[in-house]
Amino acid sequence: MTFEQEADYTQEELNEEVDQLIEDNEVVLFMKGTELMPQCGYSRKAIALIQRHREDVETVDVLEALDQYRAALERHSNRETIPQTFVDGEFVGGSDILEQLQERGELGEKLNA
Amino acid sequence: METDAVETLIEDGIPDADATVTTPRDPDDDDHYAAEVISPAFEDESLVDRHQRVHDALDEHMHDEIHAIEIRAYTPEEYDDA
């Protein structure tokens, strides 16, 4: 896979940044757009679901280097779809899993594990 | 990618699976899909593991043709009482 140079990151730098973000934050959401301006329906749903249980979610706008973020994230979650949520370094899921955890009343517990 | 092609990929990739795939209308999203998959293989599996089975079944297609897929995965028993 080749990546056009969308941003000035090399893949290695981005891998390290993603690894660091996942390690340093209790809850980190890799999304399209920002907390205030989500750029995709799934990302909007994901941030809204998380914020019902936590305000201190670290968000990362993957649109800055989409292909490179996808590759970096796949190393942790085995998938390239966006959004992706991590809690205490562990992959939780995309917006569908967050929604289904919420339906089962398990999302709060999962996010505050 | 046609929804029945996606269904076939899922059913081929997961034992005894029955998949129903649709393309829900969401204006600000390009090609994304919703898949409801029923299989006894999901027994005692977490949501993440069930979803991983679907992602694995679609694998290389997930890079370009399928940008997003919303998954609901049930065992036959769960589906009957849902």
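Student: Is Gln11(A) buried or exposed?

Tutor: Burial is read from relative accessible area: buried is under 20%, exposed is over 50%, and partly exposed lies in between (1.4 Å probe, protein chains only). Gln11(A) is buried because its relative accessible area is 15%. This is a predicted model, in which local features need pLDDT of at least 70, side-chain atom pairs count only at pLDDT 80 or more, and totals for chains, interfaces and linings use all residues. Residues are numbered from 1 along each chain as its sequence is written, chains are lettered from A and ligands numbered from 1 in the order in which they are written, and side-chain values use heavy atoms, leaving out hydrogens and water.

Student: Where is Gln11(A) placed, and what lies 3.1 Å from a polar atom of its side chain?

Tutor: Helices (H or I, at least four residues) and strands (E, at least two) are DSSP runs, numbered from the N terminus. Gln11(A) belongs to helix α1 of chain A, residues 11-24. The backbone oxygen of Gln68(A) is the atom 3.1 Å from that side-chain polar atom.

Student: How do I read the size of the interface between chain A and chain B?

Tutor: An interface's size is often given as the accessible area lost when the parts come together. Here buried area is summed over both parts, with a 1.4 Å probe. Chain A and chain B bury about 1,700 Å² between them, with 44% of it on carbon and sulfur atoms. Of the area that chain A buries against chain B, Tyr42(A), Arg79(A) and Gln100(A) supply 32%, more than any other three residues. Counting contacts (heavy atoms within 4.5 Å), chain A gives 22 residues and chain B gives 18 residues.

Student: How many salt bridges cross the interface of chain A and chain B?

Tutor: The rule asks for a side-chain nitrogen of Lys or Arg within 4 Å of a carboxyl oxygen of Asp or Glu. It finds three across this interface. Glu103(A) forms a salt bridge with Arg72(B), their closest N and O atoms being 2.8 Å apart.

Student: Which residues of α4(A) are buried, and what covers them?

Tutor: In α4(A), the buried residues are Ser95(A), Asp96(A), Ile97(A), Leu98(A), Gln100(A) and Leu101(A). Their cover includes α2, β3 (84-87), β4 and α5 (107-111) of chain A, together with α2 (47-58) and β3 (68-74) of chain B. After α4(A) comes Gly105(A), with a positive phi near 70 degrees.

Key:
Buried area = accessible area lost by both parts, 1.4 Å probe. Polar contact = N/O pair within 3.5 Å; in protein donor to acceptor, adjacent residues only side chain to side chain.
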